[in-house]
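Hi there,

Here is the structure I promised to pass on to you. Have a look at it first, and then read on for what turned up.

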Amino acid sequence: MRYWNSRLQKMSAYIPGEQPDKINEYIKLNTNENPFSPSEVVLNAIKSACNEQLRLYPNVTSQSLRESFAKLNNIEVDNIFVGNGSDEIFTLIFRGFIDPDGSAAFPYPSYSLYYTMAEANGIKYDRINLTDEMDVDFTRFLEKQYNLVIVGNPNNPTGKGCDEDEIRIFLDQFNGLLVVDEAYVDFYGETVIELVEDYDNLIVTRSFSKSYSLAGLRIGLAVANRDIIKGLFKLKDSYNVDRLAEVGARAALLDIKGFEYNIRLVLDNKEYLEENLEELGFDIIPSKANFLFVKHPEMPSKDIFELLKEKKILVRYFDGSIQSDYIRITVGTMLELKALIKELTSILEA
Ligand code: PMP
């Protein structure tokens, strides 16, 4: 620690969901990964890219992935940046789009990496509580002159989405940079990508970790005005996305059938999970993502989390006001969810 700078000394570390060593012994419903394998098409594309060309550096801008995404979404290639997961894109945004004396604001509760990154970069930030209905309170983000605001659409850990009109109204009045984090948007498809045409202070980020079952590959995208994209390219490491990741992500993007099949399975399982949790008496925040934020009126969430863990079922519990009343459960396979419901039933009966 002797050589850590003062920011590093002061910052609190990001705490990811547990990835246990003996992962196959667990039912893992704690980090919002997709429970289903990438499709054969995607796996084969990655396998066939395992060839002698790996001795060469990858394409510097992940051009073919950008072209495919542009075509599918009817936008220009110049409006797209590819990162090593969307987390890398947030890192770059903090590094290059806000000055040390600038200020940021994020909803609370939301993805705690936003707070960690602000601290890592010495940026002052406010955490603005969600409303009682767990919605983003956009008017409160206009109370001060923030340079950067990040909101999840849908938000993690609540799963609630933002309304496009609200985002538009906010952008009409906001002078800083707004990042809309759409890591989970594919589960319901209400993107605000098209607003990038109208607002030069909007960055929309996407992830291949959830809806494309590729958390292990590390691919994220940013869609924004060309100047912002140019800035991201200027800031990034020279070869931030590896060959296999680009090939795999592109194959996943083009495998529309596989993608739609995967999403349908997740949503069907989610319906099953919702119905069964409701029957057990849980309060459920209406979610537009692949996870549910829930609490039970008769038992503290921390106890439920710990008792499930004893049975090798991992869900997510967060310390801190508001969020510690809840647990977050990722939608798993039907087998996993049946095991979860069985354990919850016996925990609550006891
Ligand atoms: N945004 C949110 C809201 C998330 O929950 C996560 C995953 N923890 C990410 C971004 C990170 O996504 P990626 O794997 O693309 O870095």
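Which residue forms a salt bridge with K160? The partner is D135, and the closest N and O atoms of the pair are 3.1 Å apart. K160 sits in the loop between β5 and α6 (164–173) and D135 in the loop between β4 and β5, so this pair ties together parts that are 25 residues apart in sequence. K160 counts as buried, at 17% relative accessibility, while D135 counts as partly exposed at 26%. Please keep in mind that this is a predicted model.

The count of salt bridges comes to 12. Another one of them joins K144 and D126, with 2.7 Å between the closest N and O atoms. Here K144 is in the loop between β4 (124–129) and β5 (148–152) and D126 is in strand β4, so parts 18 residues apart in sequence are tied together.

D198 and R168 also meet in a salt bridge, at 3.3 Å from N to O. D198 belongs to the loop between β6 (177–181) and β7 (202–207) and R168 to helix α6, so the pair links parts that are 30 residues apart in sequence.

Now to the surface. E271, E275, E278 and E279 gather there in a patch of negative charge. One of these, E275, is found in helix α9 (residues 256–279). M1, W4 and L8 make a nonpolar surface patch of about 330 Å², and W4 is placed in the segment before α1 (6–10).

Finally, look for S39, in the loop between β1 (27–28) and α2 (40–48). Its side chain is joined to that of D255 by a polar contact of 2.6 Å.

Enjoy exploring!

Key: Residues numbered from 1 in each chain as written. Predicted model: local features only at pLDDT ≥ 70, side-chain atom pairs only at ≥ 80, totals over all residues. Heavy atoms only, no water. Patch = residues over 30% accessible without salt bridge, like charges linked within 9 Å, V, L, I, M, F, W, Y side chains within 5 Å. Areas by Shrake-Rupley, 256 points an atom, 1.4 Å probe, with all protein chains shown as cover. Salt bridge = Lys/Arg side-chain N within 4 Å of Asp/Glu carboxyl O. Lys, Arg positive; Asp, Glu negative; His and termini not counted. Charge placed at Lys NZ, Arg CZ, Asp CG, Glu CD. Helix = DSSP H or I, 4+ residues; strand = E, 2+ residues; numbered from the N terminus. Polar contact = N/O pair within 3.5 Å; in protein donor to acceptor, adjacent residues only side chain to side chain. Buried < 20%, exposed > 50% of the residue type's maximum accessible area, 1.4 Å probe, protein only.
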